[in-house]
Amino acid sequence: MHLRINRLSGAVAMAVCMTVAMLQSSAVAQINEVCFERVSNGFQRPVFACSAPGDPDRLYVVEQHTGDIEILDLSSGSITHRFLDLPTTISTGNEQGLLGLAFHPDYVTNGKFYVYYTNNVGDTRVEEYTRLNPNAANPSSANLIMTFDQPFSNHNGGWLGFGPDGYLYISSGDGGSANDPLNNSQDITNNLLGKMLRVDIDSDDFPSNANKDYAIPPSNPFVGVTGDDEIYCYGLRNPWRCSFDRLTGDLWMGDVGQNAREEIDVKFAGDPGGQNYGWRIREGTLGSNVPGAIDPPFQYVYGSANGFSITGGYVYRGPVAGIDGHFVFGDYVTDRIWSFRLNETDETQFDGTNFTDLVQWTSLIKTDIGTIRNISSFAEDGAGNLYVLDLAGEIFKLTEISPVTIVAGVESANVVSGIIAGGSIADLADSDNTDFQVQKNPQQIINRIEMELAGTSHTDDPTLLEITLEGSVFSRPDIQQEIELFNYRTSQWAPIDTRQASRFGDQTTVVAAQGDLSRFIEPGTMEVKARIRFVAPTPRASFSANTDQFFWTITN
């Protein structure tokens, strides 16, 4: 929460703004800078990348319309080998082509991997290939695992991934057009569109069928009941980029919306499956009720304020400090990137708001070269490093985040602002209108409150500066109060005072400094800025706030 006092035409105006992202959350993490290094460029429409088991220091990069898989050496940033050039004609419509890649968990010994692409008539094919040598696949080793029709050219899904159970997961879109005109996503009989499929590729339950070379896991939810045995969950529109949390095994799915909501869906590890995510009856949390349908824990409104096409990402488990366990994802159209943490473990309670520490990274991103644009996918290497792929052909690696702190965890607040009369900030000490109210609901949950105050020094005497803050504070004795002044010479905040906040009632804090204080007064404007925080003892602690009144003065 930031309080700022500014001089406006002979009067001093007070205003308050809540520090929340465009997308609301109950707790907001503050990240000052997110650093990416461009590790390579020159790819042709890269739409996915991953490392192979036993090969953690290289990425295998999927090029959508060429049908190629290129090997990227992460130490040099060089494209060293073409691992596979699909020997068949692929369709190259905007959403068609080579879309997915997954390596068998026993790739080191069996050399098998799997691709998902649309062929020259636009239908989906999932094929198995075998490694010829460490740098090349055998193009003649193609073995068809599965194929199904795509009635339209868009919404092909295309992600492949092996779960912690060793089964191959396959995401399929709803078949395209708009609003799922064939109702594919809700149809679970003889219809694999709009689904997450799960198959066992180490066995074959259909030896006489050349189009099916897989077995049905006996634990799949529709085995023995109405519904296609391959279906693991359904009601998806166009799941574009999914991933397993490498620590927990949870499945995260980014599902592109129609024109109302973009959503992230989560299926917890060990769950038996069978979930209906609602499309086309529901889009995010909007639409008619669907008995038993699972809403997303996170969604954003379709539009320029947020984005138009979600790109799913990864729960971060890499070496960069500060965001372990945070899910990182983006938007293809607006190039925005966010992160958040899930704060609900019961999927039946999902309502679109089951997250905390939501941060939009976009304005904080620094790249050494190039610009992240048209985010087509995220990727992980063998060590859990996070990469961003853009359709222009660049790949960026997350290298540093500085720093991560909890700013506020306000569940609800009613902010009241007013105008303070007076021509000088120094006169506030004697004004009858110096009260400024921040009204809070009793017992609201807060991790940390931060206020930033700015006002104008009334003289140019830099030898004495006193700042007075008055107001009732918090109902727990272990809250730390931290005060800093802004140093205009270094452009950094300088710690001035740290003490335990008062437990009850009104308090008056006087920050007094003597000597050469010109570093805290901006030349020309004579502005002085202070930052006051009330901090719980641990980042996840909570404390109760009473109705507070704050006002401050600057004298010298």
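Among contacts (heavy atoms within 4.5 Å) in the protein chain between residues at least 6 apart in sequence, 64% join residues at least 24 apart. The model is predicted, so to speak plainly about its limits: local features need pLDDT of at least 70, side-chain atom pairs count only at pLDDT 80 or more, and totals for chains, interfaces and linings use all residues. Residues are numbered from 1 along each chain as its sequence is written, and side-chain values use heavy atoms, with hydrogens and water left out.

**Overall make-up**
- The protein chain holds 1 helix and 39 strands, taken as DSSP runs (helices H or I, at least four residues; strands E, at least two) and numbered from the N terminus.
- Of its 556 residues, 56% count as buried, meaning under 20% relative accessible area with a 1.4 Å probe, protein chains only; exposed is over 50%, and partly exposed is in between.

**Nonpolar cores**
- A nonpolar core is a set of buried Ala, Val, Leu, Ile, Met, Phe, Trp, Tyr and Cys residues joined through side-chain atoms within 4.5 Å.
- The largest one has 96 residues, and Phe113 and Trp361 have the most contacts inside it.

**Around threonine 371**
- You will find threonine 371 in the loop between strand E26 (365-367) and strand E27 (375-380).
- With a relative accessible area of 51%, threonine 371 is exposed.
- Leaving out residues up to four places away in sequence, threonine 371 touches Asp390, Glu394 and Phe396.
- Threonine 371 and phenylalanine 396 are 25 residues apart along the chain, with 9.1 Å between their C-alpha atoms.
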